[in-house]
Amino acid sequence: MIPLALAAGFVALLLALLARQLGRPSGWFGRRVMASLLNAGNRELLDSVLEIVAPTPGARIVDVGFGGGYTLRRLAPLVRPARVTGVEISEAMVSGLGDGDYDLHLADAAALPFPAASFDVVLSVNTIYFWPDPARVLAEVRRVLVPGGRLVLGYRSRAVLQLNPLTWFGFRLYDDRRVGQLLAAAGVDCEIRTPRSGERIAIGTKR
Ligand SMILES: C[S@@+](CC[C@H](N)C(=O)[O-])C[C@H]1O[C@@H](n2cnc3c(N)ncnc32)[C@H](O)[C@@H]1O
């Protein structure tokens, strides 16, 4: 019989590996498995975010941490003649998406590779948990938005995520108050919506 401590250690190791893949998918597993899991598992929240983004032809939109690329595929035909932009820290996510009707950048959200006032909308979903310095990312988001531009930030609440053992491995969890404080400190007016229980969408408008 496997000793209990050994079994618990094995489960903890699996959870830690999966949590790391969520934060930065890598290798074959990231490209083939995580991309599909992310697109399927987050679809409802991603659809709610897209509804708020309300893309129009010519809109300049960037998804920071696009993962499996569901949003980019949905947005690409809707913003033509503009091209939707994606930023990812994961090489597997960039190479996995391949060539398409979008501009992809391998970069860190904390150092966005764009001039100031490049975008009408910055969206980012299920990514804030992995930012070591959210204030720095939000300062970058603000910098690349045009005045009056919007940040649409999708996330799951601390209350829900803390019940999921995966999040015990390196996730940073947020409640609405903290997200509101971070956006306000970044110079972004903030409204938080609840599309479904546990899901949140913070909508920030650059002052
Ligand atoms: C849980 S996935 C979410 C993907 C997608 N937005 C979704 O909701 O399905 C988090 C993604 O954010 C990316 N990411 C994490 N930290 C990042 C950073 N500092 N800069 C850019 N992308 C980052 C990861 O590589 C990963 O693909």
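Colleagues, some conventions to begin with. Because the model is predicted, local features need pLDDT of at least 70 and side-chain atom pairs count only at pLDDT 80 or more, whereas totals for chains, interfaces and linings use all residues. Residues are numbered from 1 along each chain as its sequence is written, and side-chain values use heavy atoms, with hydrogens and water left out.

I start with the hairpin. Helices (H or I, at least four residues) and strands (E, at least two) are DSSP runs, numbered from the N terminus. Strands β6, residues 188-193, and β7, residues 199-206, are antiparallel and share six bridges; two strands pair if DSSP finds at least two bridges between them. V188 has K206 in β7 as its bridge partner. Five residues separate the two strands of this hairpin, and G198 in the turn has a positive phi of about 90°.

I turn now to helix α3, residues 43-53. Its buried residues are L45, L46, S48, V49, L50, I52 and V53, where buried means under 20% relative accessible area, exposed over 50%, and partly exposed in between, with a 1.4 Å probe and protein chains only. Which elements cover them? The cover includes β6 and β7, along with β1 (61-64), α4 (70-79), β4 (119-125) and β5 (145-156); contact here means heavy atoms within 4.5 Å. After α3 comes A54, with a positive phi near 45°.

My last topic is the aromatic residues. Rings of Phe, Tyr and Trp (its six-membered ring) pair if their centres lie within 6.5 Å; planes under 30 degrees apart count as stacked, over 60 as edge-to-face, and the rest as tilted. Y129 lies in the loop between β4 and α6 (134-144) and F171 in the loop between α7 (158-161) and α8 (176-185), so the pair ties together parts 42 residues apart in sequence. Y129 is buried at 4% relative accessible area, and F171 is buried at 14%.

F171 also pairs with F130, edge-to-face, at 4.8 Å centre to centre and 65° between the planes. This pair links the loop between β4 and α6 to the loop between α7 and α8, and so ties together parts 41 residues apart in sequence. F130 is partly exposed, at 22% relative accessibility.
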